[in-house]
Protein chains: 2
Amino acid sequence: MKPNVAILGGGNGACAYAADLKLKGSKVSLYEDPRFFSNLEEAVKIGGLYLENRCGLPNVSEGFANLDLITDNIEEAIADAELIFVVVPAFGQEAFMKAAAPYLKDGQLICFSPANFGASIRMSQILEEVGNNSDVLLVDTECMMYSGFKDDPTHVWVSGYKIGMKAAALPATRNKEAIEKIHNVYPEWEDWGNVIEIGLRNINTVFHAPICVCNASLIERAEEFLFYREGGSPSVGRVVEAVESERIAVCNALGLRSEPSLDVLLKWYAASGCKGDTLAEAMSQNPVYEWDYGPTSLHHRFLTEDIPYGMIPLEQLGEVAGVKTPVTTAVIELGIVLTNMDLRSQARDLKAIGLDQLSKDELVTYVEKG
Amino acid sequence: MKPNVAILGGGNGACAYAADLKLKGSKVSLYEDPRFFSNLEEAVKIGGLYLENRCGLPNVSEGFANLDLITDNIEEAIADAELIFVVVPAFGQEAFMKAAAPYLKDGQLICFSPANFGASIRMSQILEEVGNNSDVLLVDTECMMYSGFKDDPTHVWVSGYKIGMKAAALPATRNKEAIEKIHNVYPEWEDWGNVIEIGLRNINTVFHAPICVCNASLIERAEEFLFYREGGSPSVGRVVEAVESERIAVCNALGLRSEPSLDVLLKWYAASGCKGDTLAEAMSQNPVYEWDYGPTSLHHRFLTEDIPYGMIPLEQLGEVAGVKTPVTTAVIELGIVLTNMDLRSQARDLKAIGLDQLSKDELVTYVEKG
């Protein structure tokens with residue numbers, strides 16, 4: 001018997017989660033913020049979503065997923081869900097956190113996918129703010145499970161399914177409990193470290209903004225180009241590698257677990273034929289990226305999510321650790337000018353999650369042991 | 001009677017200077033470094049260069065310029081020259097400085113065009129190093145006089161001729177003397193400030209590297225695009241404007257003369273119809289830039305000259321002045337990774353010109369009064 005699931009979000013990723021898990025046997029409700037619910041109107045009319053497994057991935061379903069509920073009522077959406085996945089860009093999470101907080105109950109698990117830096121920590125604050133003391137299991141994961149795209153409002157297709165995705169609970173002492181519950185729907189997930197380490201693992205942090213900055217005029221002019229394959233030219237790949245090196249150095253200096261993004265990429269997409277000796281090679285040649293076109297606006301989550309919820313926390317932890325991150329900072333600074341947005345004030349850094357007064361050891365104790 | 005002129009260099013710019021000044025009545029010798037002299041072989045065969053005034057500029061000549069000497073012998077090239085113009089990228093100047101230093105004589109004027117930061121100061125050191133105490137007038141100017149391109153080794157065409165170009169002598173007490181001599185060939189030049197102020201004026205410092213960084217993959221993939229008109233999209237224009245703001249702030253904090261790059265651009269190219277209310281507008285719409293295609297390699301002077309001889313000195317003077325230059329630093333850092341070159345160690349900063357031990361006042365006194 002598969003667990004009941006609620007998916008919070010309405011974009012490509014959320015629809016892929018909802019359709020695949022429904023086709024695999026869960027009762028699935030899909031909740032979208034009322035402000036954006038009109039995007040799901042067509043799905044409501046036909047009662048679900050079509051899922052196309054474009055690359056014949058062995059672990060992904062295909063067909064029409066007759067969803068059990070598509071709603072903008074959060075209370076109904078999560079009422080009998082054992083597992084709740086929040087699948088929205090990090091800058092959109094807060095609204096879903098606040099909507100769900102009053103209704104979460106003992107025994108429920110809420111998982112942010114991707115979490116980016118600090119999602120579960122922020123969720124724990126919001127639960128406290130609304131006075132909800134239920135025993136809710138908070139889980140961060142490093143990325144989205146699917147590379148998914150929509151052809152139209154009811155058709156989602158996937159080109160990637162990540163094998164070996166890592167997740168951690170807050171506190172990490174509950175990792176085993178969390179991963180056992182998640183294994184009922186995603187047996188490929190692995191528990192790993194703590195939520196700070198998960199927050200620093202997202203490979204999007206390393207890839208997205210550097211490539212955008214080095215292709216800014218193409219993006220702004222909405223010229224068609226393959227984001228990784230063309231936009232990730234060898235020199236741009238070096239910028240990506242430089243940010244990656246800074247990320248590893250920060251993790252090492254703080255005594256945090258890290259894993260090269262190259263290894264992550266090769267493992268996730270081994271079944272799809274991803275190869276390469278360097279991160280730049282694997283990135284530019286990954287078959288999964290064969291249809292990944294660049295954004296057509298600089299106001300895109302590749303900058304507006306990955307900078308404030310990935311790169312700025314990384315830069316800040318570099319300061320804490322005494323590790324220089326000049327290339328990370330360079331990408332942040334140009335991203336701020338290119339988007340014309342004050343991404344620093346929007347960042348979910350240590351201050352935003354209320355942990356800036358903790359020593360490094362206190363911080364690790366908090367996420368490890370609560 | 002026009003003064004005798006020597007042009008040092010063999011690229012588009014140097015050929016434009018040589019041909020135009022010859023056609024205007026000077027005796028002109030053209031010298032190129034022996035390592036690159038083969039580039040002038042065809043010109044040697046026919047004894048000169050064809051100049052095309054593509055836009056019908058009122059102050060530019062057209063026709064075949066029968067040069068008086070084309071040589072890789074520096075002593076012969078400058079023997080009877082009253083005015084010597086060094087027209088090479090800043091990273092190439094040192095070889096020409098060292099070649100010319102033993103032969104420069106009383107009464108000669110040597111002008112670096114463009115100088116970028118510190119050219120005349122470095123020349124004065126080299127003269128001292130070779131023990132040449134002649135009274136040579138050293139002049140820095142902010143840019144190249146012509147926007148020039150070559151169709152083939154003997155045909156150069158120009159699309160721009162800068163009205164109101166600024167120059168300063170080292171020391172600045174000799175500005176008047178220098179500008180009077182230059183007026184015999186370029187009556188439109190104006191003397192202005194001192195060589196540090198000239199070094200911080202080059203608009204290329206503000207334009208080139210930011211646009212390259214934001215179009216890095218296009219450049220590396222050698223895709224054809226109009227550098228300013230397409231590469232300078234509105235957001236990229238904001239990066240240019242941000243570097244410009246930092247430049248002005250540094251000048252102000254040091255008590256140095258500055259002038260908005262927008263005003264410079266509008267004045268230079270007024271005759272060509274350049275307009276715009278912002279720097280980004282003027283840059284992207286300037287008719288002179290209608291044929292300016294982007295580089296097809298990141299190892300191009302737009303990065304390898306303008307970063308170490310423009311942006312890094314600007315950043316360093318920002319540190320001296322206590323002015324933050326985060327966007328300038330960001331472009332430098334990404335330029336280093338993109339070119340895979342240690343541009344900081346190649347920079348002609350205060351240390352490279354031996355002035356890093358001087359206080360700000362001593363520095364200004366040196367360039368003003370010698």
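Predicted model: local features only at pLDDT ≥ 70, side-chain atom pairs only at ≥ 80, totals over all residues.
Local features need pLDDT of at least 70, side-chain atom pairs count only at pLDDT 80 or more, and totals for chains, interfaces and linings use all residues. Residues are numbered from 1 along each chain as its sequence is written.

**Exercise 1.** State the bounds of both domains and the separation of their centres.

*Solution.* Step 1: the assignment, which is automatic or from a database, gives domain 1 as 5-195 and domain 2 as 203-369 of chain A. Step 2: taken over C-alpha atoms, the centres of these domains lie 23 Å apart.

**Exercise 2.** Find the area buried between the domains.

*Solution.* Step 1: buried area is the accessible area (1.4 Å probe) that two parts lose on being put together, summed over both. Step 2: for domain 1 and domain 2 of chain A, this is about 2900 Å². Step 3: carbon and sulfur atoms carry 58% of that area.

**Exercise 3.** Which side chains form the salt bridge between the domains?

*Solution.* Step 1: a salt bridge requires a side-chain nitrogen of Lys or Arg within 4 Å of a carboxyl oxygen of Asp or Glu. Step 2: the count between domain 1 and domain 2 of chain A is 1. Step 3: the side chains of A:E190 and A:K267 meet in a salt bridge, at 3.0 Å from N to O.

Note on methods:
Chains lettered and ligands numbered in written order. Heavy atoms only, no water.
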